[in-house]
Amino acid sequence: MGQSGRSRHQKRARAQAHLRNLEAYAAQPHSFVFARGRVGRSVQQLSMDLRRVMEPLTATRLQIRKKNSLKDCVAVAGPLGVTHFLIVSKTETNVYFKLMRLPGGPTLTFRINKYTLVRDVVSSLRRHRMHEQQFAHPPLLVLNSFGPHGMHVKLMATMFQNLFPSINVHKVNLNTIKRCLLINYNPDAQELDFRHYSIKVVPVGASRGMKKLLQEKFPNMSRLQDISELLATGAGLSESEAEPDGEHNITELPQAVAGRGNMRAQQSAVRLTEIGPRMTLELIKIQEGVGEGNVLFHRLVHKTEEELQAILAAKEEKLRLKAQRQDQQAQNVRRKREQREAHKKKSLAGMKRAQAEADGDSDAEDPGAPPEAEGTSQQEEEEDEAEYFRQAVGEEPDEDMFPKAAKRRRPTGPPGKKQRLKEQKLDRGSDRRPQKAKGRGPGAQAKMGHRGAARNRGQGRPRPPKKAA
């Protein structure tokens with residue numbers, strides 16, 4: 001029984017083709033399109049329409065929170081291979097559009113003088129042509145009137161060209177071109193016209209009836225006697241279904257295009273239908289970095305050569321101070337590291353020395369206790385024996401019996417304040433001794449408590465004699 005499924009060579013070829021597709025996709029430019037700040041509902045929808053234009057090489061479900069800064073977006077864009085930022089913002093007076101190149105810039109800032117959303121463009125058309133298959137591939141970029149009008153115009157053209165993948169005209173597949181992005185530069189007003197179109201290719205040289213037959217929706221021929229009436233005269237068709245074609249949009253196809261009748265080396269008409277959005281842009285300034293840096297061009301502010309030199313000198317001084325601070329910080333870090341290493345080495349050497357001393361003392365013979373300690377212990381032992389003799393005999397021992405025992409003598413000096421108070425209390429207690437209760441032991445009063453002691457004291461006193469009647 002043969003093996004089922006693909007062979008080993010087929011699997012290897014498929015894996016290699018998939019790897020090549022991934023590499024080609026990673027080499028293409030990718031973008032983030034989002035709005036910054038409080039922009040309102042219309043400007044937010046404009047950013048979503050711009051994201052629709054940049055599909056599929058953009059983050060369709062990108063969400064930016066208020067707490068996310070531009071640095072956060074740049075940090076995320078690096079690992080994802082994002083090369084451009086398209087940012088829409090709004091102030092109290094104008095709406096602005098920024099085009100940034102990552103990771104080193106430049107940044108182009110445009111003022112949006114006019115804009116129209118996709119829904120407004122589609123609602124104004126009698127027949128709109130827009131479906132999901134059109135957004136499976138990036139649009140075809142067309143630049144018009146970007147001539148020798150200055151370096152800023154050339155930089156604008158380069159930025160827009162790098163926004164989309166390059167096309168090889170000898171290998172391009174015409175079925176992948178479904179949309180067109182037109183950017184027209186008006187040198188008099190110094191404005192850009194931003195337009196987005198849908199592309200449709202239809203065959204030419206056939207009658208209206210033949211075109212209707214080639215379409216997916218078949219015409220109604222219930223009132224016709226023969227199909228030749230439809231092909232010859234176009235009976236039953238309205239004049240609006242026949243769109244005028246001329247030399248401006250008729251061309252010979254180099255390859256077959258999807259659609260009925262679009263064959264190779266045949267005449268076909270290319271029709272454009274606007275799908276939005278529309279924008280009228282005006283370049284305000286060009287910055288060197290990503291949202292910051294030197295201003296390379298500014299339409300409203302013009303500086304003299306002296307002012308530019310002063311700005312450059314201030315920037316160089318700032319960079320010099322920054323480099324100096326970085327060097328100082330590096331020296332401090334190096335010095336602290338060396339101090340830690342030296343302290344660590346010193347601590348380890350001390351620990352090794354203490355361990356060596358401890359190991360050397362353990363091998364030596366124990367010399368025993370010093371003579372002072374022996375004398376002290378012997379004196380304490382004789383004092384204990386002398387105390388035992390006093391308790392047993394009741395008399396002081398002779399000096400010859402325990403010569404080293406310290407005799408208990410009271411200090412010969414005058415008594416202190418505490419000693420005098422103690423003697424006074426003892427004298428008072430000897431004068432006032434309570435009488436012992438009859439029939440009770442010496443510890444009975446302590447067991448009876450304060451009340452019982454008071455009653456006993458009352459019983460011990462003689463009662464006064466009764467008065468005679």
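## Basis of the model

The model is predicted, and local features are reported only where pLDDT is at least 70, side-chain atom pairs count only at pLDDT 80 or more, and totals for chains, interfaces and linings use all residues. Residues are numbered from 1 along each chain as its sequence is written, and side-chain values use heavy atoms, with hydrogens and water left out.

Helices (H or I, at least four residues) and strands (E, at least two) are DSSP runs numbered from the N terminus, and two strands pair if DSSP finds at least two bridges between them. Strand E2 (residues 84-90) runs antiparallel to strand E3 (residues 95-101), with seven bridges joining them; within this pairing, Phe 85 has Met 100 of E3 as its bridge partner. Four residues lie between E2 and E3 in the hairpin that they form.

E3 also pairs with strand E4 (residues 107-116), again in the antiparallel sense, over six bridges, and here Tyr 96 has Arg 111 of E4 as its bridge partner. The hairpin of E3 and E4 has five residues between the strands, and in it Gly 105 takes a positive phi near 95 degrees. The loop between E3 and E4 also holds Pro 103, which is joined to Leu 102 by a cis peptide bond with omega of about 0 degrees.

A cis peptide bond runs from Glu 55 to Pro 56, with omega near 5 degrees, and Pro 56 lies in the loop between helix H2 (40-53) and H3. Lys 71 is found in helix H3 (residues 70-80) and is exposed at 70% relative accessible area, where exposed means over 50%, buried under 20% and partly exposed in between (1.4 Å probe, protein chains only). The C-alpha atoms of Lys 71 and Val 290 are separated by 9.6 Å, although these residues are 219 apart along the chain.

## Cysteines

Zero disulfides are found in a search of the whole structure, a disulfide being a pair of cysteine sulfur atoms within 2.5 Å. Cys 73 counts as buried because its relative accessibility is 6%, and Cys 180 is likewise buried, with a relative accessible area of 8%.

Ser 145, in the loop between strand E5 (140-144) and helix H5 (151-162), has a positive phi near 70 degrees and is partly exposed at 35% relative accessible area. Ala 265, in the loop between strand E8 (250-252) and strand E9 (267-274), has a positive phi of about 65 degrees although it is not a glycine, and its relative accessible area of 46% makes it partly exposed.
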